[in-house]
Amino acid sequence: MENFLNLMYFFGDAPAGDDLVGITFWIGTMAMMAASAFFFLSLNSVDSKWRSSILVSGLITFIAAVHYMYMRDAHAAGDSTTVFRYVDWILTVPLMCVEFYLILKGAGATKGHLKTLVLASTVMLVCGYVGEAGLGNAALWGLASGLAYFYIVYLIKFGELAKLAASAGGAVQSAHNTLCLFVIIGWAIYPIGYMIGTGSGMWYEFMTGLVAAENMDFIYNVGDSINKIGFGLVVYNLAVSK
Ligand SMILES: *C/C=C(C)/C=C/C=C(C)/C=C/C1=C(C)CCCC1(C)C
């Protein structure tokens, strides 16, 4: 019985019904865990050439699940989640770059392409952290972060990676295109959350009128579920395609 209670504690106390952020941390933890189980259990049923891609999908959601447990507890205690959030992203976003590389490796993607993507995503996140943690002007650091984000979009949508995807054609090209959509639309959720969270006293303060600043984590949580699980499913779909 005691072990059972301990296991339940692992899932944490249920948040209050009106705690939007707490609820999405709670559901997010479950969703990320369920997705990880799904990806890991699919490993043996896909063609061996896609196995690393599926493994990376599972790692992305698993790393998020672990950070969600910490963030859920921090939020319940009334503490900031910023450090956990960015540690999660600095691990998982480069892994999402790895997905682009793994998918296009057969079409000629190189370690150089991967390095450029990883470097750009690191710049994007480090600048975002500086702005969000209040270590510098949030508007300027957010802008720098946004430029790195646009560069990533350029690389995958118009740069060499887009050309490699076009040359591969078929299921690889369509998976690449769907991942691009996630980056262009799904990732755009984050700067919105950032503007809402850091808007006080800024030119974009009107954003905090749309959604209260304390709901920034709600927006990030929705973004994470869409993007991390969505990315994994696109890769899974490619791996089981004929
Ligand atoms: C799983 C986590 C993902 C896909 C996180 C992605 C995060 C971003 C695309 C964040 C982007 C930001 C900007 C473009 C400007 C403002 C600062 C950030 C870091 C929120």
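Which element gives the largest share of the lining of the largest pocket? In this predicted model, local features need pLDDT of at least 70 and side-chain atom pairs count only at pLDDT 80 or more, while totals for chains, interfaces and linings use all residues. Residues are numbered from 1 along each chain as its sequence is written, and side-chain values use heavy atoms, with hydrogens and water left out.

The largest pocket holds about 530 Å³ of space. Gly142, Ser145, Gly146, Tyr190 and Pro191 are the closest to its centre among the 26 residues that line this pocket. Two or more lining residues come from each of α4, α5 (111–132), α6 (138–157), α9 (189–198) and α11 (216–240). Helix α6 answers the opening question, with nine residues, the largest share of the lining. Here a pocket is an open set of points on a 1 Å grid over the protein atoms alone, where a 1.4 Å probe fits, with protein on both sides within 12 Å along at least five of seven lines; lining residues have an atom within 4 Å of a point. Volumes are the space filled by probe spheres set on the points, joined across faces, edges and corners. Helices are DSSP runs (H or I, at least four residues), numbered from the N terminus.

By residue class, the lining of the largest pocket divides into 20 nonpolar, five polar and one charged. Nonpolar covers Ala, Val, Leu, Ile, Met, Phe, Trp, Tyr, Cys and Pro; charged covers Asp, Glu, Lys and Arg; the others, Gly among them, are polar.
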